[in-house]
Amino acid sequence: MFGKYDLDVTLAEDGVKIVVEDAGKRKRYYRKCGKEEVEKFIHADTGRIVVCPVEPVNIPLPNPAEHLQIELDKPLIVASGERDTFYTTFPVEVGVFLVDRKDVERIDLFTKTKPKFTLYGPPESGIVCKWWQSSIYSEPPKVKKLREGVFKVDIRNEYHEWMEIQKLVFCGHEMKMFYNDHAYLHGFIKIQKRTVGDTGFISRKPKDMHGSIDIHLAKGLKRLENYVMEWGFK
Amino acid sequence: MIDIVASIKDALNEPITFLGSNNPPTYGEVLEFFLILLIGFIIARIIRFYLRRTLKERMPKNTANNVIKVVYYGILSIVFLISLNLIHVSLSGLLVAGGILGIVIGFASQTVVSNLISGLFLVIEKPVKVGDGVDIDGVSGIVTDIRILSTTIRTYDGIYTRIPNDKVFSSHIQNYVAHGARRFGYTVGIRYGDDAEKAISIIKKLLDDHPFVLHNPSPTIFVKNLADSSVEISIKIWSPSSCWYDVYTEMLWKIKVALEKEGIEIPFPQRVIWMAGKNNQ
């Protein structure tokens, strides 16, 4: 389903249907995902439709979170000074954009996953995050493409003790999303102290993948620096 | 040409006698006075322009506006006071007059000064921000503006309310959104004949399915009290502060419906009455 299409297209996959068709002088945009239906009219001669995964911190509205917390169903223990690379899944949110040479406009946003939120840190200073539970994989897992994406995580323990990791928190503004037939993220975590670690994303485009439209850039929001996890990993 | 310049010079050096002062300023000095005021005004405007650009990204809008106003009027006042000397206005005389005036104004404007200083402390301490949902001295609503002298609130009924800053500063303030998450709760009674554990698991599943009932801290559900007519189940829910009220208004009825769907009912008050019979006589 992900890709770039002309303003005359019908897409259907895994219970999601997207239709852009002529409706007199205008185009009619129709989307169905589960019981949710959206219909809009587009008045444009040029432009294309882009359907791509976006940072999974936008749905539902009003969205109280800018961060994604991935909770590993089984913890990972990393020795001091060690590096490792593993894979998890993450929830997919799909954005539908109208693009031309001048501008990008988001016209729709939907997800097939059930959103859930959590608090990372204490109530007085913690942050509300989108919550997702995932197993840990050594190889890229097979995913249900409209529900889950593949998240490659590089981990480095710079602390002088063994560290047990069960929670990873990433900032949605920093995410650099890629896609081919599924969504893909490549992030890292550097453990610096017992409860402190840096998380961020690698923006290098993998082979055979396309860069997603950055919803925060499209909204005119600034990108931030790496996120510092300061309330531990368990 | 030389004559014209010389006559202008003479005219500028001419004292302004109609002012009736012992030491009147010349026309040239008055011109100089207004020129310096104009230059001061232009400099103050330039500094204000640059401050606006600089502080825009670094401070909340209201704080930046207050700082800019203080700097702008401060520069104008300093330039004015310095240039008074040019038109032979003695600052020492002004100071005596100003001192007396200051005492009078001071007495008259105690509340204003108190509000002003409280406003500055509010800006520094930041117990509330524009857009926060708060309760200040019994007034609940959304903070719409924090000014030098007062804070304005739009109550939840949509009413404009102005609270002087000294009252805001000295009042008990509850900021509902200062923390990322907050807790609220319900108490639900079920019949003595119902299975409390089943009721708890139904409620837990319902809460787990709701996106804004936080996964962590997880909801707390337990039998709180064996009351006169019901077994009371306490439900405590953590939710994002930004949308807790929506969850609060939504969940209680959903809990009631979900329990009744599984045959668990919320009882009416009841009393068991033992009738005196033959055996008891």
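Predicted model: local features only at pLDDT ≥ 70, side-chain atom pairs only at ≥ 80, totals over all residues.
Before you click: local features need pLDDT of at least 70 and side-chain atom pairs need 80 or more, while totals for chains, interfaces and linings use all residues. Residues count from 1 along each chain as its sequence is written, chains are lettered from A in the order written, and side-chain values use heavy atoms, without hydrogens or water.

**Stop 1: the interface.** Select chains A and B. You'll find 17 residues of chain A in contact with 19 of chain B (heavy atoms within 4.5 Å). About 1,400 Å² is buried between them, 59% of it from carbon and sulfur atoms (accessible area lost on being put together, 1.4 Å probe, summed over both parts). Now pick A:Lys116, A:Leu119 and A:Pro123: this trio supplies 34% of the area that chain A buries against chain B, more than any other three residues.

**Stop 2: the salt bridge.** Show A:Lys114 and B:Asp209. They form a salt bridge, with the closest N and O atoms 3.0 Å apart (Lys or Arg side-chain nitrogen within 4 Å of an Asp or Glu carboxyl oxygen). The rule finds one such bridge across this interface.

**Stop 3: the cavities.** Two cavities of 30 Å³ or more turn up in the whole structure (sets of points on a 1 Å grid over the protein atoms alone where a 1.4 Å probe fits but cannot get out; lining residues have an atom within 4 Å of a point). The largest has a volume of about 40 Å³, and its lining includes A:Pro53, A:Met175 and A:Asp214.

Definitions and conventions: Buried area = accessible area lost by both parts, 1.4 Å probe. 1 Å grid on protein atoms, 1.4 Å probe; cavity = no way out; pocket = protein on both sides within 12 Å on 5 of 7 lines; lining within 4 Å. Points joined across faces, edges and corners; volume = space filled by probe spheres on them.
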